Amino acid sequence: MSAILDRLRPLFYPRGVIVTGVSAHPGKFGTVAFHNLLAYGFDGEVFGINREGAEVLGRKTYKSVSEVPEGHADLVFMCTPNKINEDLLRECAKVGVRAAFVASAGYGEAGEEGREMERRLIALGEELGIVIAGPNGQGLISTKLSMCAQIVAPYPPAGPISLVSQSGNLASSYMNYGCLTDIGFSKAVSSGNSAQLELADYLEYYAEDPETSVSLAYLEGVEDGRRFLDVARAHTLRKPLVVMRGGATSAGKSAASSHTGALASDDKIFSGVCRQAGIARAETIEEAFEAAASFATQPLPRGPRTLIFTVAGGWGVLTSDACVQAGLELIDLPDDLRATIDKMVPARWSRSNPIDLAGGETRDTIPEVLELMAAHDEIDAIIYLGIGIQASQAQAFKDGPFYPDFGLDRIAGFHDDQDRRYALAAAEASKRHSKPILCATDMVYTDRAYGNPGPLGVTESGRLTSPSGHRAVKTLSHMVRYSRYRQRVDG
């Protein structure tokens, strides 16, 4: 096992967790963390510390850390006032704790007195051989152990993304999108003030972690730019890294400084670092999550040659504009592909890129066209627009006064089955030919009330539905840039 995997193992794979600051009051952070560890079924022992030894959530607690059996807990989750944490850390060391997540605030972000306290805490951790995450952090998860050691709710499904965030609420946002899309996380940590374990430490760990396929990071400042660049380069040689940065403007820098105490660096320099290191830099939460989710679930494109497949003209027009603006190559429709489709549908189809069948398809046409496109040597990537439109009409039938008579029940069932079938066909063709096929439709959100089988089929295939062609293009452009980077550095 490498040094970094060994160093952070007690943080992400503890045998047991001690939670300090557990109270009978359910609003206290310690109680919330205690609840979340128990409620999500942590695969290990949980030891709540309460000064009175009161029963909390129907579970026994301990009056002091010294009562915890030695060797049963590797991690302490600290929700206690900062002034008593050093004494608690000494007690934790005596029972075998090797990692601490410090949720307590009032450290480096709170002025000179807090910074001095933070320096003492880190020095003590180093003296005791305890790695320290935080302080002033929200918590961490490790889905392999069903571990939700957090003072907030989001606990995403297990999956291939790992996250480090210098903001707790941004960590929540990303994990909420994991819950929404069912594309999950392996690990996530809110690094807080990063007083000892820095963002680069977590990225170094994720680069070597076999359960991480892609890393996602939110940062507000980098203290050691050289180390960040070295770690990021090593990471992107093995797997994609998506980064979103706060504090790019003067107002953002000021906010970041008061938030985590981090020193925001020059944004132009940071952009250069991203280009040098092959980092996919995103501007919004949605862009960052969708890029990470697609890196984790789709093959990388070999190049920028893109084909748009749409069920309606306007979506195709807008997505074509977005492709060109993003630097993707909207290729001319290959002659042999045009000739083949000519034999499949009436002559009114678009006969160009975007491919719009203009309603001329029969039962099997769309799966067959998806297969033809994915198999073609001149095509690197496909954006499939409008999945779910048939199922949307099916729902209108079901909601109307004529259903289920007049054959509406049969056609509604057919439409639902077809859209789900298209989603699965897109995923299967993508896997078979190792090319990304990104599905996009606003119905992933607008039809959530009843559950449109089109986007639900995409979810069932383990992939993401983009809410628009523009968002799919943005995601694809990140994938193409990273693919080119890897081709360049891999020779």
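With which side chain does the side chain of Ser-2 make a polar contact? In this predicted model, in which local features need pLDDT of at least 70, side-chain atom pairs count only at pLDDT 80 or more, and totals for chains, interfaces and linings use all residues, the partner is the side chain of Glu-208, at 2.6 Å. Residues are numbered from 1 along each chain as its sequence is written, and side-chain values use heavy atoms, with hydrogens and water left out. A polar contact is a pair of N or O atoms within 3.5 Å; within protein, one atom must be able to donate a hydrogen and the other to accept it, and residues adjacent in sequence count only if both atoms are side-chain atoms.

Ser-2 is found in the segment before helix H1 (3-12). Helices (H or I, at least four residues) and strands (E, at least two) are DSSP runs, numbered from the N terminus. With a relative accessible area of 22%, Ser-2 is partly exposed; buried means under 20% relative accessible area, exposed over 50%, and partly exposed in between (1.4 Å probe, protein chains only). Between Ser-2 and Met-373 there are 371 residues of separation in sequence and 43 Å in space, C-alpha to C-alpha.

A cavity is a set of points where a 1.4 Å probe fits but cannot get out, whereas a pocket is an open set with protein on both sides within 12 Å along at least five of seven lines; lining residues have an atom within 4 Å of a point. Grid points are joined across faces, edges and corners, and a volume is the space filled by probe spheres set on the points.

The largest pocket holds about 600 Å³ of space. It is lined by 28 residues, of which Thr-20, Gly-21, Cys-79, Thr-80 and Pro-81 are the closest to its centre. At least two lining residues come from each of helix H2 (29-39) and helix H3 (85-94), and H3 gives the largest share, three residues. By class, the lining comprises eleven nonpolar, eleven polar and six charged residues. In this scheme Ala, Val, Leu, Ile, Met, Phe, Trp, Tyr, Cys and Pro count as nonpolar, Asp, Glu, Lys and Arg as charged, and the others, Gly among them, as polar.

Thr-80 is placed in the loop between strand S4 (75-78) and H3. Its relative accessible area is 10%, and Thr-80 is therefore buried. The side chain of Thr-80 makes a polar contact with the side chain of Thr-20 at 3.1 Å and another with the side chain of Asn-85 at 2.6 Å.

One cavity of 30 Å³ or more is present in the structure. The volume of the largest cavity is about 40 Å³. Its lining consists of Gln-298, Ala-423, Ala-426, Ala-427, Ile-437, Cys-439, Val-458, Ser-461 and Arg-463. Helix H15 (408-433) and strand S18 (437-440) are the elements that give two or more residues to this lining, with the largest share, three residues, coming from H15. Six of the lining residues are nonpolar, two are polar and one is charged.

Charged side chains were considered next. Side chains of opposite charge can pair when their charged atoms come close. A salt bridge is counted where a side-chain nitrogen of Lys or Arg lies within 4 Å of a carboxyl oxygen of Asp or Glu, and by this rule there are 28 salt bridges. One of them joins the side chains of Glu-290 and Arg-471 (2.5 Å, N to O). Glu-290 lies in helix H10 (residues 285-297) and Arg-471 in helix H18 (residues 469-490), so the pair ties together parts that are 181 residues apart in sequence. Glu-290 is buried at 4% relative accessibility, whereas Arg-471 is partly exposed at 26%.

Glu-112 and Arg-119 also meet through their side chains in a salt bridge (2.7 Å, N to O). Glu-112 is partly exposed, at a relative accessible area of 44%, and Arg-119 is likewise partly exposed, at 44%.

The 22 residues of H18 should span 32 Å, and the end C-alpha atoms are 31 Å apart, which agrees. Gly-491, whose phi is positive, near 75°, follows H18.

Definitions and conventions:
The expected span of a helix is 1.5 Å times one less than its number of residues.
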